[in-house]
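Hi,

Here is the structure I promised to send over.

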Amino acid sequence: MLPEFELLMPRTLPEALEMMNESSRVIPLAGGTSLLVDLRGRISRPQMLINIGGLDELRGVRVEEGYVVVGSAVTIADLKHNVLIAKHGQVLQQATRVFANPLVRNRATIGGNLAYGSPAADAAPPLLVLDAEVELTCKDAKRTVPLKEFITGVRETVRHPRELVTAIRWPILPEGSVGVFHKLGLRKADAISVLSIAVMLHRKNTEDYAQVRIALGAVAPTPIRVTPAEELLSGGPLTPEVIARAAQLASESTHAISDIRGSAAYRKRVITALVKRLLTNLAEGTKEKKHNESEGYHS
Amino acid sequence: MTVKGKTLPQVDLPPLRQVGRPLRRVDALGKAVGATIYAGDFTMPNMLHGKVFRSSEPSACIKQLDVNKARALPGVACVLTADDLPDGKLITDMPGQTGQERRKGSDAPVLAARRVRFVGEPIALVAAETLAIAQQALELIKIEYEPLPGVFDPLEAMKPGAPVIHVPDNIVSSWKIRKGNTEAGLAAADLIVQNTFRVPFLDHAYIEPEAGVAWVDDQDVINIRVCTQVVEHFRSIAQAVGVPHNKVHVRGTMIGGGFGGKEDITVEIFLALLTKETRRPVRLAYTREESILAHSKRHPFIITHRTGVKKNGRITGAEIKMISDSGAYPYLSPYVLLYATVTSCGPYRIENLKVDSVSVATNNPFTSAFRGFGGAQAAVAYEQQMDEMAKALAMDPLEFRKINYLKTGDSNAIGQEIKSAVWLEEEAMQALAALGEKETISDDAIKVGQGFATTMQSYGRIMWFHDTSRSWVGIEQDGTVVVRCGAPDLGAGQANSLCQIAAEVLGVSLTDVTFYNSDSAVTPLAGTTTATRQLYMSGNATLKAARMVREVLLDHAAEHFKKEPSNLDLADNKVFIKSDPEQWLSLADLSKMCAADGLKLQHLALFRAPFTDKLNPENLQGDVFPDFTFSAHAIEVAVDTKTGEITVLKSVGCHDVGRAINPIAVEGQIQGGSAQGIGYALMEEVQVKDGVTRTPSLSEYLIPTAKDLPTTKAIILESGTGVGPFGAKGIGEPALTPAAPAVANAVANAIGVRIHDLPLTPQRVLAAVDRAKKG
């Protein structure tokens, strides 16, 4: 059963920010799919929660000044069906399809998934390869932090206690970008990831890739970008040799964790295998697209 | 594996009108619309809420326990510790029986007094006005432990000098089979194959956590409404609480799954103590997390097979060693071990057999009954061993098994003659034929494999328990029928089967039958819903009772029609002359006529299983079980050799159920057993480290979802040779037993190498693939 707590119910964002400003001990509640579980399990015992899940200002997906902007209280289920996400964030949409289960997807929010600071947050790797930023708002100020700097440790973020995560945004992708997400769990649905991976390619010309981005979830204390492998791959063609080397490098450069879902050694093995597989599939997919100019399979 | 079409043995079963039809179950509508009331749904006026304070230590002395603050909390009605209890023990041995020997000193205390032996062991009980106050009271209980050395591995626990859980030593139980001359058998072999297999702790993960409500009535009877597989625990509850047997009344509810986890006492004694103390109704319902902490687990086993075989495929002898982890208290460990021992070599003729099995106490969670009851663990080992032997001989796994299968009239590992049909070969062929060709997947990293397993699982209890069941059948004056039988319904259709049997015998429709069940005082005692015994035991008792009513009806109708009773029949709510069905009388009129003549239209029947004496545990030769169900399961998997992920593509279960009383219910059992078996093989494991469960909720303890399971094709065969009603055999446990080893064999077939430990996690698969590459 839930322990007792006070629940603040702001009707508007300014009202919420005012309430947040009054105390540094107020914990934001959106979907509650992680927070309420912790409360029930007595893992955390906040005295006061503020329900921001219903605030209109935190809803909606829009394109604004070259950015895709997603309100922090947009649910995973909303993202799964959103046409703008289908167009500008397909790699994220792939993750929403394997995110927990339909019941959780209906409640869980994109902002909550990131602000909870779990290393296994399935929305994080896709947003990392989209170069997403997190918008943080307090009563008198607003700031934007790159996602890769936002989560700093297991359940730790740079969010100040008086700030709310109000939006997630990322620059609209250049033409010819492709991305893919893969989740490895101990069962086919409703499982915490053993490892999740997102890969994004930006094409420079017919042969070369301007940029390759790779992100991993559930392998380290935070979701991470795999910079050494990205640097090796960016700028040139994706030959089988360079893919193999990058896959090896991705594994070697990651300080993998061991937990009940898998050992560090297993995770390192699978990083190599999946980086290789996803890069190969993406490179072949874009080649095919070049040949027959068909629709689909772009981010 | 090649499977040619094979025709089944021809069996002419007598035609029946209600039995054998896929009728909608009597309990189906309530479940579908949410009208069924479960134990956790009941509330009462003036009711208190119970909570249990549990040990956080796996092995410790309780130095100090202070409940004064909890008692003083406003709204707390009572706090009970071991000091407040009568000297009752929680009897952990086989329930509902008489005169069984128990290992002295190892029954569990109701509440731990000075020593705790596992994490989750109950120490104190609280009853309060609200759940929140009860919870708060738990947090006010002060306890100081002095940790003692613990032992968490059965192999360690057997060594001299290991911490002793219960004096004199950690050996909870052991059994031996000595048959023929094993040394000579192994010496005569062309090839000896040795493997060690391990299976993990499992949680039952039923959808309904344990719950109940209890009150004291005006006769001073403690009433307990609870979800339990065993209403006959009322005797043990009475003993533990210190009241006469007839002052405890267990009212079982429809159960949201049990699988053996509700076979032992769960919340009953706590409820009885709290209501006795407060004289107020008390509710106690576990959360999922508490359920995982509080109830038994499936036994982990370490099983070693050393089998000798001739080049022609004939097994010459086998040596089998089994070690199970009984956890901190014995519960049903000796009997689980007995089942494992009896089926250790599977449904194969092995003349020279030596089996040594032992169950060992540790400071791990206690282990007890779980669908398959040791027989399932044994099957995981023997069916993998059979595939390994076939591989070593370069023989087809089915051809190899065919050479060694038991046949009707053969005697099994313990020298018990198998009297019913043994259709293993036919079942395997049917299952493999239904599986069909392997799917082709173009990706080189994905390997597809097929495998199967054939198993034997007993139904009915150990014969030296002298098992009995009672059922009462009556016909009302409008021709409707009532069945009263104490059998608890797990949700598997136990009550429905009894109704369908009564409907058959009395010539009415299933919808004309109403049942009352699972009540220790009001319905005739029918024994436990465990051991795949209810259809066999209570089915036979109901059949007997219904036939007694039928006899009265036919005798009276015979006078009316001036015919012999044998010339009459009952069907469609009528009695009629067989040779001239136009001459009939409604059952309603016939019942009224019988009532007017003062005839007995209600009968209570007793069914007794065959009784034997306890076997000599030093060689185990004799009869142990009334009969066995023989089964096959076939599986096709795809294995990703780069990530170790396994996808089950196809699943077929084929079982000779003797006679399907209700084919829908039988298929339900096969589907459910298959799902549970696939979970056993692929993902389920209660991970325990130093006595602490690392999978404390359903977020860590994974069971298969719809996405992990293909629809299992259920093939139902009917030999008509079982000892249940109308020749039925049991299907509850047998449905699960072959599924897990079939998955393991399919995976080994896919990747070309054996993984000896369940579950087959991606990590283990990848390690095996590496081994194969090096190999």
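One definition before we start: helices (H or I, at least four residues) and strands (E, at least two) are DSSP runs, numbered from the N terminus. This is a predicted model, where local features need pLDDT of at least 70 and side-chain atom pairs count only at pLDDT 80 or more, while totals for chains, interfaces and linings use all residues. Residues are numbered from 1 along each chain as its sequence is written, and chains are lettered from A and ligands numbered from 1 in the order in which they are written.

**Cis prolines in chain B**

With that in hand, B:P759 sits in the loop between α17 (739-751) and α18 (762-774) of chain B. The peptide bond joining B:L758 to B:P759 is cis, with omega about -5°. There is another cis bond between B:V167 and B:P168, with omega about 5°; B:P168 is in the loop between α4 (154-157) and β9 (171-179) of chain B. As background, most residues other than glycine have a negative phi, and most peptide bonds are trans.

**How chain B is put together**

Domain bounds here come from an automatic or database domain assignment. For chain B that gives domain 1 (48-148 + 205-294), domain 2 (301-462 + 614-774) and domain 3 (468-608). The C-alpha centres of domain 2 and domain 3 of chain B are 38 Å apart. Their contact (C-beta atoms, placed from the backbone, within 7 Å) takes 19 residues from domain 2 of chain B and 16 residues from domain 3 of chain B. On the domain 2 side, helix α16 (residues 663-682) of chain B gives the most, with three residues. That side divides into ten nonpolar, seven polar and two charged residues. For these classes, Ala, Val, Leu, Ile, Met, Phe, Trp, Tyr, Cys and Pro count as nonpolar, Asp, Glu, Lys and Arg as charged, and the others, Gly among them, as polar.

**The sheet and its helix**

Chain B has an open, mixed sheet of seven strands in the order β3-β7-β1-β14-β11-β12-β13; two strands pair if DSSP finds at least two bridges between them. β3 (76-81) and β13 (248-252) of chain B are the edge strands with a single partner each, so one side of each has no neighbour in the sheet. Ignoring direction, neighbouring strands of this sheet are turned by 20° against each other on average. (Axes are lines fitted to C-alpha atoms, for helices over the stretch in contact, and angles run from 0 to 180 degrees between N-to-C directions.) Within the sheet, β11 (residues 211-216) and β12 (residues 222-226) of chain B pair antiparallel over five bridges, and B:V216 has B:I222 of β12(B) as its bridge partner.

Helix α7 (residues 268-278) of chain B lies across β1 (48-54), β3, β7 (122-128), β11, β12, β13 and β14 (282-285) of chain B, at about 30° to β11(B). Nine of the eleven residues of α7(B) are buried, among them B:F270 and B:L274. A residue is buried if 20 or more other C-beta atoms lie within 10 Å of its own, exposed if 12 or fewer, and partly exposed in between, with C-beta atoms placed from the backbone. Just after α7(B), B:R279 has a positive phi of about 55°.

**Chain A**

Chain A is assigned domain 1 (6-51 + 58-171) and domain 2 (177-292), with C-alpha centres separated by 25 Å. Here 22 residues of domain 1 of chain A are in contact with 24 residues of domain 2 of chain A. The largest share of the domain 1 side, five residues, comes from α8(A).

A:E65 is in the loop between β4 (61-64) and β5 (67-71) of chain A and counts as exposed, with 8 C-beta neighbours inside 10 Å. A:A100 is in the loop between α5 (90-97) and α6 (102-107) of chain A and counts as buried, with 20 such neighbours.

**Where the chains meet**

Finally, 19 residues of chain A are in contact with 20 residues of chain B. Helix α12 (residues 264-292) of chain A supplies the largest share of the chain A side, six residues. By class, that side has eleven nonpolar, two polar and six charged residues.

Cheers

Technical notes: Two residues are in contact if their C-beta atoms, placed from the backbone, lie within 7 Å.
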